[in-house]
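Please consult the sequence and the coordinates alongside the text.

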Amino acid sequence: MKRIINRILGVCLIIGIASCKSDTQKKLSPDRYELNAIVNGVEDGMVVKLVPGATHTSESPIAETRVTNGAFMFTGKLEEPRFFYIVFGENKGMIPALLEDSRIKLTATATIPDKESDRIVFDSVHISGSESNDYFKEQTAFKAELNADYEAYHKGYEELSMLLGKARGENDKKLMDSLVNTSEYKEFDRKEKAFFDKVERKSKDLILSHKDSWWGPFFMLIQYTYFTPEQEPIYAQFSKEAKQSYYGQLVNEEVNPKGLTGEKISNFSLKDKDGQSTDLNTILSEKKYVLIDFWASWCAPCRKEIPNLKKAHKDFSKKGFEILSISIDEKQNAWLKALEEENMQWPNLFDDDKVSKTFKVKAIPATFLVDENGFVVAENLRGEALDEKLAELFKE
């Protein structure tokens, strides 16, 4: 039912242009930010990290500290406002914030979960001293309307949702077909489409209303988890200033990707389901072509493509073709369960959050066909396109 949520992210995160800093803030801290935080309920010694957000990739923290009596502080310098996640512990919880060069105060109350697997809940979050964050918060107020719309069109469809989830989980195509052909599902589908059309419309309007500053590309990164050719015309309307901004350059890399075809891939090593390390060069030394396939257990298009991969593997493996699947799942158990269900007869490894970044993977499935010397000869081949390319290569 949440069919395009993985492309449209954070329907509540709508932002606008920020006003200039006040004279008082400039006097307090003209060229640095100072974030002073007091979060009640967090135990002493907990690690807190400042991690860049809205970049469409996993980022390393730029700063790290520990909590003392509920308090901690970050300082630094920013060329322009930047979006961060204040991450507590090992991703146990986070607070988003737009920081700028000024004195900023954060207060909140944390509820620590009873179960180790649960996340920290933050209440009464208040951030002051950053006018960019103030404006950001003002604009995100419209999330209440969207959240209400979302709840409204789901009401009354709980049983249908449960049955659909069960059918997907059991890969019961017959049950899926029967459910989607009901009048109840068709009515739900109509409401869902109307909801996401509204989200898309508001997103485009807000992006283009901020096309002359860094807020435009920043908003694109907040709203979309990945970009397709449909978003390139939006980027094209940005001003030169917006395109040259930090977030503008990030958007440009995605809507106008350079690609890796023709480049040589550096060797890497990852672990399989048994914890044994496998490196790319070892596989390449035994094969003529290797398809590096990035996927995840939760990715429906990835799972749908697996039968095509099995066919290609069956048809060309004896000629020197191999597949190397790399899961970007966050939870290893979910990956292991999917491996058991799919029974893929080729090497399967678990990403360390570095290899996928090296390949600039923004959306999955993502595939890279590599020759025995480590050079990428083609990208994102699926279904018949993969078969045709392999037939062409092995014919030569």
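## Helix 6 against helix 7

In this predicted model, Val199, Ser203, Leu206 and Ile207 of helix 6 meet Gly216, Phe219, Met220 and Gln223 of helix 7, where contact means heavy atoms within 4.5 Å. By class, this contact of helix 6 with helix 7 comprises five nonpolar, three polar and no charged residues. The classes are assigned as follows: Ala, Val, Leu, Ile, Met, Phe, Trp, Tyr, Cys and Pro count as nonpolar, Asp, Glu, Lys and Arg as charged, and the others, Gly among them, as polar.

Helix 6 spans residues 183-209 and packs against helix 7 at an angle of about 160°, with the axes 9 Å apart. Axes are lines fitted to C-alpha atoms, for helices over the stretch in contact, and angles run from 0 to 180 degrees between N-to-C directions. Helix 6 and helix 7 are therefore roughly antiparallel to each other (angles under 35 degrees count as roughly parallel, over 145 as roughly antiparallel, 65 to 115 as roughly perpendicular and the rest as oblique). Helices (H or I, at least four residues) and strands (E, at least two) are DSSP runs, numbered from the N terminus.

## Basis of the values

Residues are numbered from 1 along each chain as its sequence is written. The model is predicted, so local features need pLDDT of at least 70, side-chain atom pairs count only at pLDDT 80 or more, and totals for chains, interfaces and linings use all residues, while side-chain values use heavy atoms, with hydrogens and water left out.

## Helix 7 against helix 10

Helix 7 (residues 215-223) also packs with helix 10 (residues 246-255), at an angle of about 55° and with the axes 7 Å apart. The two helices, helix 7 and helix 10, are therefore oblique to each other. Helix 7 passes helix 10 in a left-handed crossing (left-handed if the near helix is turned anticlockwise from the far one by less than a right angle, right-handed if clockwise).

On the helix 7 side, the contact is made by Pro217, Phe218, Met220 and Leu221; helix 10 contributes Tyr247, Gly248, Leu250, Val251 and Glu254. The residues of this contact of helix 7 with helix 10 divide into seven nonpolar, one polar and one charged. Met220 of helix 7 belongs to the contact with helix 10 and also to the contact with helix 6.

## Helix 12 against helix 15

Helix 12 (residues 300-316) and helix 15 (residues 383-395) have axes 9 Å apart and pack at an angle of about 15°. That angle makes helix 12 roughly parallel to helix 15. Their crossing is right-handed.

Glu305, Asn308, Leu309, Lys311, Ala312 and Phe316 of helix 12 make the contact with Gly383, Leu386, Asp387, Leu390, Ala391 and Phe394 of helix 15. In this contact of helix 12 with helix 15, the residues comprise seven nonpolar, two polar and three charged.

Six of the six residues of strand 14 (residues 366-371) are buried, so the strand is largely enclosed by the rest of the structure. Buried means under 20% relative accessible area, exposed over 50%, and partly exposed in between (1.4 Å probe, protein chains only). Ala366, Phe368 and Val370 point one way from strand 14, and Thr367, Leu369 and Asp371 point the other way.

Strand 11 (residues 289-295) runs antiparallel to strand 14 and is joined to it by six bridges; two strands pair if DSSP finds at least two bridges between them. Three bridges join strand 14 to strand 15 (residues 376-379), also in antiparallel arrangement. Val370 of strand 14 stands opposite Val290 and also opposite Val376 in strand 15. The hairpin of strand 14 and strand 15 has four residues between the strands, and Gly374 takes a positive phi near 90° there.

Six of the six residues of strand 2 (residues 47-52) are buried, so strand 2 is largely enclosed by the rest of the structure. Val47, Lys49 and Val51 lie on one side, with Val48, Leu50 and Pro52 on the other.

Strand 2 is antiparallel to strand 3 (residues 63-66), with four bridges, and to strand 5 (residues 82-88), with five bridges. The bridge partner of Val48 is Thr65 in strand 3 and Phe88 in strand 5.
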